[in-house]
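I would like to walk you through one structure slowly, beginning with a single contact and then widening the view.

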Amino acid sequence: MLDTFYNEFGYGYVPRWHPDTVDIEGTYLGDPRHLLLVAVHEGEVVATTGVRAGGPAHPPHPRWLAERYDGDTTAQLVRVYVRPEHRRRGLARTLVEAACDFIADTPGYERVYLHTNVDIEGAEYFWRSLAKEVFDARATGEHGPGVATVHFEIPM
């Protein structure tokens, strides 16, 4: 996951945005409502998808958006990533579908939220094929220049 921040996003690890990546056990394995899925090829992790309870944080996201997605009833998809050389093979879709099955089977979740940087090749098309747009933050620049965030919800 850290490779994503450095190689794909180009801004590196940001502790306030990425604490889960350095505490995988505490974040994903220590909570029965959380999940981390990985795809491994020849001993190398090539794709990930995570589920955490809670919606977007304010700041950096707009207050109205954080209030819309209650922390107890919202499952947030996070760390959905496929290494470039393994893309276009259905890995992301398979992992997201498995994560959504987990969410549907987990008591208390009422909605699935995610946000993505649509500057990543294929990200916007992929999410629009599965989810509905809630807010396009490209116009507001909520994360500053060079970060094209769009917020989505996947119907349960």
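Let me begin with a pair of side chains: that of Asp-20 makes a polar contact with that of Arg-79, at 2.7 Å. Please keep in mind throughout that this is a predicted model.

Where does Asp-20 lie? It is found in the loop between helix H1, residues 2-9, and helix H2, residues 24-29. Asp-20 has a relative accessible area of 2%, and because buried means under 20%, we call this residue buried. Leaving aside residues up to four places away in sequence, Asp-20 touches Thr-27, Tyr-28, Arg-52 and Arg-79.

Arg-79 has a positive phi of about 55° although it is not a glycine. For those new to backbone angles, most residues other than glycine have a negative phi, and most peptide bonds are trans. Another residue of this kind is Arg-88, which is not a glycine either and has a positive phi of about 70°, but Arg-88 sits in the loop between E3 and H4 and, at 80% relative accessibility, counts as exposed.

If we go through some of the pairs, E1 and E2 run antiparallel and are joined by seven bridges, one of which has Val-40 with Val-45 as its partner in E2. These two strands form a hairpin with two residues between them, and Glu-42 in the turn has a positive phi of about 50°. E2 and E3 also run antiparallel, with six bridges joining them, and here Arg-52 has Gln-76 in E3 as its bridge partner. E3 and E4, by contrast, run parallel and are joined by three bridges, with Ala-75 standing opposite Val-112 in E4.

Why is E2 described as largely enclosed by the rest of the structure? The reason is that seven of its ten residues are buried.

In soluble globular proteins, nonpolar side chains tend to be buried together. In this model the largest nonpolar core has 26 residues, and among those with the most contacts inside it are Val-51, Leu-77 and Trp-127. H4 gives the most to this core, with six residues. Trp-127 itself touches several residues, including Leu-77, Val-96 and Ile-154, again not counting residues up to four places away in sequence. There is also a second, separate core of six residues, which includes Leu-65, Tyr-69, Val-134 and Ala-137.

Finally, please look at the loop between E2 and helix H3, where Pro-59 and Pro-60 are placed. The peptide bond from His-58 to Pro-59 is cis, with omega near -15°, and a cis bond also joins Pro-59 and Pro-60, with omega about 15°.

Key. Residues numbered from 1 in each chain as written. Heavy atoms only, no water. Pairing = 2+ DSSP bridges. Helix = DSSP H or I, 4+ residues; strand = E, 2+ residues; numbered from the N terminus. Buried < 20%, exposed > 50% of the residue type's maximum accessible area, 1.4 Å probe, protein only. Polar contact = N/O pair within 3.5 Å; in protein donor to acceptor, adjacent residues only side chain to side chain. Contact = heavy atoms within 4.5 Å. Core = buried A, V, L, I, M, F, W, Y, C linked by side-chain atoms within 4.5 Å.
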